[in-house]
Amino acid sequence: QVQLVESGGGLVQAGGSLRLSCAASGSIFRLSTMGWYRQAPGKQRELVAAITRAGSTNYADSVKGRFTISRDNAKNTVYLQMNSLKPEDTAVYYCNLKRYSVDAVYDYWGQGTQVTVSS
């Protein structure tokens with residue numbers, strides 16, 4: 001059905017920037033909420049940022065003012081611009097799409113992309 005493919009991760013020094021991209025394959029992208037989650041070793045997967053079809057956004061407190069999520073509905077792509085990166089941002093970042101039905105919410109996940117921030 002839906003495939004999500006992330007790109008843009010890598011190694012960066014503290015204070016640097018990266019931009020993650022996630023391309024979605026299905027038409028449901030236009031009707032769904034998309035977001036970025038991250039998971040560091042030994043920690044739970046946590047929401048970083050989310051964006052609705054209409055463009056409403058939500059951010060984790062730890063990234064507010066530093067990260068910006070955006071989407072291009074025509075290209076079925078969501079982005080995460082990460083500025084002023086800190087070592088604690090190091091994690092695997094996963095793209096997420098939520099499809100809502102009358103009975104359930106279905107989650108789709110990308111394969112993950114590693115972000116490593118060095119001191």
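Visitor: Where is the place of Asn76?
Guide: The model here is a predicted one. In it, phi of Asn76 is near 55 degrees, a positive value in a residue other than glycine. The place of Asn76 is in the loop between β7 and β8.

Visitor: Is Asn76 buried or exposed?
Guide: The relative accessible area of Asn76 is 16%. Buried means under 20%. Because 16% falls under that limit, Asn76 is buried.

Visitor: How many bridges join strand β3 to strand β8?
Guide: Strand β3 covers residues 18–24 and strand β8 covers residues 77–82. The two run antiparallel. The number of bridges joining them is 6.

Visitor: Which residue in β8 is the bridge partner of Arg19?
Guide: The residue in question is found in strand β8. Its contacts, not counting residues up to four places away in sequence, include Leu18, Arg19 and Phe67. The bridge partner of Arg19 is Gln81.

Visitor: With which side chain does the side chain of Gln81 make a polar contact?
Guide: Gln81 counts as partly exposed, at 26% relative accessibility. The polar contact of its side chain has a distance of 3.0 Å. The side chain at the other end is that of Asn83.

Visitor: How far apart in space are Gln81 and Thr68, C-alpha to C-alpha?
Guide: Thr68 is among the residues that Gln81 touches. In sequence, the two are 13 residues apart. In space, C-alpha to C-alpha, their separation is 5.1 Å.

Visitor: Is Ser84 buried, partly exposed or exposed?
Guide: Ser84 lies in the loop between β8 and β9 (91–100). Although it is not a glycine, Ser84 has a positive phi of about 50 degrees. Exposed means over 50% and buried under 20%. At 42% relative accessibility, Ser84 counts as partly exposed.

Visitor: Which strand holds Thr33?
Guide: Thr33 counts as buried, at 19% relative accessibility. Leaving aside neighbours within four places in sequence, its contacts include Ala50, Thr52, Arg71 and Tyr100. Thr33 has its place in residues 33–39, strand β4.

Visitor: How far apart in space are Thr52 and Tyr100, C-alpha to C-alpha?
Guide: Thr52 lies in the loop between β5 (46–51) and β6 (57–59), and is partly exposed, with a relative accessible area of 26%. Both Thr52 and Tyr100 are in contact with Thr33. In sequence, Thr52 and Tyr100 are 48 residues apart. In space, C-alpha to C-alpha, they are apart by 12 Å.

Visitor: What kind of aromatic pair do Tyr37 and Trp109 form?
Guide: A pair of aromatic rings is described by the distance of the centres and the angle of the planes. For Tyr37 and Trp109, the distance is 5.1 Å centre to centre and the angle between the planes is 70 degrees. Planes over 60 degrees apart count as edge-to-face. The pair of Tyr37 and Trp109 is therefore edge-to-face.

Visitor: How many residues apart in sequence are the parts that the pair of Tyr37 and Trp109 ties together?
Guide: Tyr37 counts as buried at 15% relative accessibility, whereas Trp109 counts as partly exposed at 36%. Tyr37 lies in strand β4 and Trp109 in strand β10 (residues 105–109). The parts tied together are apart in sequence by 72 residues.

Visitor: Which residue lies over the face of Trp109?
Guide: The distance from the ring centre of Trp109 is 4.7 Å. The residue also lies over the face of Tyr94, at 3.8 Å from the ring centre. It is Arg45.

Visitor: Along strand β11, which residues point to one face and are buried?
Guide: Strand β11 covers residues 113–118, and its side chains alternate.

Visitor: Which residue in β11 is the bridge partner of Gly10?
Guide: Strand β2 (residues 10–13) and β11 pair in the parallel sense over 4 bridges. β9 and β11 pair in the antiparallel sense over 3 bridges, with Thr113 as the bridge partner of Tyr93. The bridge partner of Gly10 is Val115.

How values were computed: Residues numbered from 1 in each chain as written. Predicted model: local features only at pLDDT ≥ 70, side-chain atom pairs only at ≥ 80, totals over all residues. Heavy atoms only, no water. Pairing = 2+ DSSP bridges. Buried < 20%, exposed > 50% of the residue type's maximum accessible area, 1.4 Å probe, protein only. Contact = heavy atoms within 4.5 Å. Polar contact = N/O pair within 3.5 Å; in protein donor to acceptor, adjacent residues only side chain to side chain. Phe/Tyr/Trp six-rings, centres within 6.5 Å; stacked < 30°, edge-to-face > 60°. Lys NZ or Arg CZ within 6 Å of the ring centre and 35° of its normal.
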